[in-house]
Each structure stands twice: as C-alpha cells, then as structure tokens.
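This briefing goes through one chain by topic. Please keep the sequence and the 3D view open while reading.

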Amino acid sequence: MKKITFLTGCLAILFFASCETKKKSQNTNEEKHQTIKTKKIQFEELNRYFVKNSELPSELRTKKISSQEEFDKTFGAATVMGKNGKPADLNFDKDIVLAVYGPSTTKKTDIKADRLEYGNNILTLHYTVTEGAEQSFSTKPLLLLKISKKYDGFTKFEKE
C-alpha cells in the first residue's frame, strides 16, 4: 500500500512539473517574439519606370533586385519631357530595389507602400493594392522602392 501511495505521489509531482515547464517555455517564446525590435526604413518611390512587355505575370509578383542587369530584364525607363521627366538614377553599389507589380489590367490599379520595416536581418514591406473603375486602356500596375543596401537581408512582402 505504501508503494502505491509513493508511486502515485511521484506521478502527481511529475505531472505538475511537466505542466509548469510548458507554461515557462510558452512564456519564453512569447517574450522572444515581443523583444524583436523593428525600425521603420526610409525609402524613395521610383517613378518613370514601366514593366517591360516581355514580363507577363498572371498574378501579383514581388521581387528584390540587387543589380542593374536584373533590373533591366524586367523594367524600362520612361523618360518624358518636362522638369521631372527623367527617372531616378539607380546605383546598385549603394541601393537595392523592391518591386511589386501585377498583370496587365483595364482597371485602375494602385499599389501603395504602407510601411517598410527592418529587424533581425529581415526587411518587410507592407503594401496595399486598390482596384478602381474600368479604363479604356490597359496598364501594368507597378511599385518600385529604392532603399539603402545596408538593409539588404531576407525580404518579406506583406499584402495588407
């Protein structure tokens, strides 16, 4: 009888100890998640560029671009007359480009960068896509952002 009581007591202690350990590990994971600090990153939105006709996405695409050759495969410059008609210069020794672009559409479609954050060597672009009224012509919606290469790392694109 003493053996059964002793074994029951040991099992009860092990049971309660294992439950307590789980709670501690869950709290530790939550604390780690909460301590990841991100900071907002400044960016320059690039205008006067277009998606080349050789690029035919069937759905929204995202891309991080680190070289001029890679950029030129997908995008072209659209210089127009006037004061601000020239596209921004790109220097891939100092900068990287984040791109979000979609398929050709006759609906007015805007892609907007909500915020850009960096933390734990992860760059996260939060963006929204807004579709509007039908148009009499088609366009390929495009968002290009130029950022400092010092924030280069794993990149996530989060559609809001």
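The chain has an accessible surface of about 11300 Å², and 53% of that area belongs to carbon and sulfur atoms. The model is predicted. Of the 160 residues, 29% count as buried.

**Overall make-up**

- The chain holds two helices and ten strands.
- Along the sequence, these elements follow the pattern α-β-β-β-β-α-β-β-β-β-β-β.
- Of the contacts between residues at least 6 apart in sequence, 79% join residues at least 24 apart.

**Mixed sheet**

- An open sheet of four strands runs in the order β1-β7-β8-β10, with mixed pairing.
- Its edges are β1 (39-40) and β10 (154-159); each has a single partner strand, so one side of each has no neighbour in the sheet.
- β10 pairs with β8 (residues 122-139) in the parallel sense, over six bridges.
- Within this pairing, F154 in β10 is the bridge partner of I122.
- T155 also lies in β10, and it counts as buried because its relative accessibility is 15%, under the 20% cut-off.
- A polar atom of the T155 side chain lies 3.1 Å from the backbone oxygen of G153.
- Beyond its neighbours within four places in sequence, T155 is in contact with K64, L98 and L123.

**Antiparallel sheet**

- Another open sheet of four strands has the order β2-β9-β6-β4, and its pairing is antiparallel.
- Here β2 (44-45) and β4 (61-65) are the edge strands; each has a single partner strand, so one side of each is left without a neighbour in the sheet.
- Five bridges join β4 to β6 (residues 95-101) in the antiparallel sense.
- In this pairing, V97 of β6 stands opposite I65.

**Nonpolar cores**

- In soluble globular proteins, nonpolar side chains tend to be buried together.
- The largest nonpolar core has 15 residues, of which L98, L116, L123, L125 and I147 touch the most other members.
- At least two residues of this core come from each of β6, β7 (105-119), β8 and β9 (142-148).
- β7 supplies the largest share, four residues.
- Apart from its neighbours within four places in sequence, L125 is in contact with L98, V100, A113, R115, L116, L145, K156, F157 and E158.
- A second, separate core has twelve residues, among them Y49, F75, F92 and V97.

**Salt bridges**

- Eight salt bridges are found in the whole structure.
- One of them joins E44 and K146, whose closest N and O atoms are 3.4 Å apart.
- This pair links distant parts of the chain, with E44 in strand β2 and K146 in strand β9, 102 residues apart.
- E44 is partly exposed at 36% relative accessible area, whereas K146 counts as buried at 16% relative accessibility.
- E55 and R61 form a salt bridge with 2.3 Å between the closest N and O atoms.
- In that pair E55 is buried, at 13% relative accessibility, while R61 is partly exposed, at 34%.
- R115 and E160 meet in a salt bridge through their side chains, at 3.9 Å from N to O.
- R115 is in strand β7 and E160 is in the segment after β10, so this bridge ties together parts that are 45 residues apart in sequence.
- R115 is partly exposed, with a relative accessible area of 28%.
- A network of salt bridges links R115, E117 and E160.

Terms used: Residues are numbered from 1 along each chain as its sequence is written. This is a predicted model: local features need pLDDT of at least 70, side-chain atom pairs count only at pLDDT 80 or more; totals for chains, interfaces and linings use all residues. Side-chain values use heavy atoms; hydrogens and water are left out. Two strands pair if DSSP finds at least two bridges between them. Buried means under 20% relative accessible area, exposed over 50%, partly exposed in between (1.4 Å probe, protein chains only). Contact means heavy atoms within 4.5 Å. Accessible areas come from the Shrake-Rupley method with a 1.4 Å probe; for residues, only the protein chains shown count as cover. A polar contact is a pair of N or O atoms within 3.5 Å; within protein, one must be able to donate a hydrogen and the other to accept it, and residues adjacent in sequence count only if both atoms are side-chain atoms. A nonpolar core is a set of buried Ala, Val, Leu, Ile, Met, Phe, Trp, Tyr and Cys residues joined through side-chain atoms within 4.5 Å. A salt bridge is a side-chain nitrogen of Lys or Arg within 4 Å of a carboxyl oxygen of Asp or Glu.
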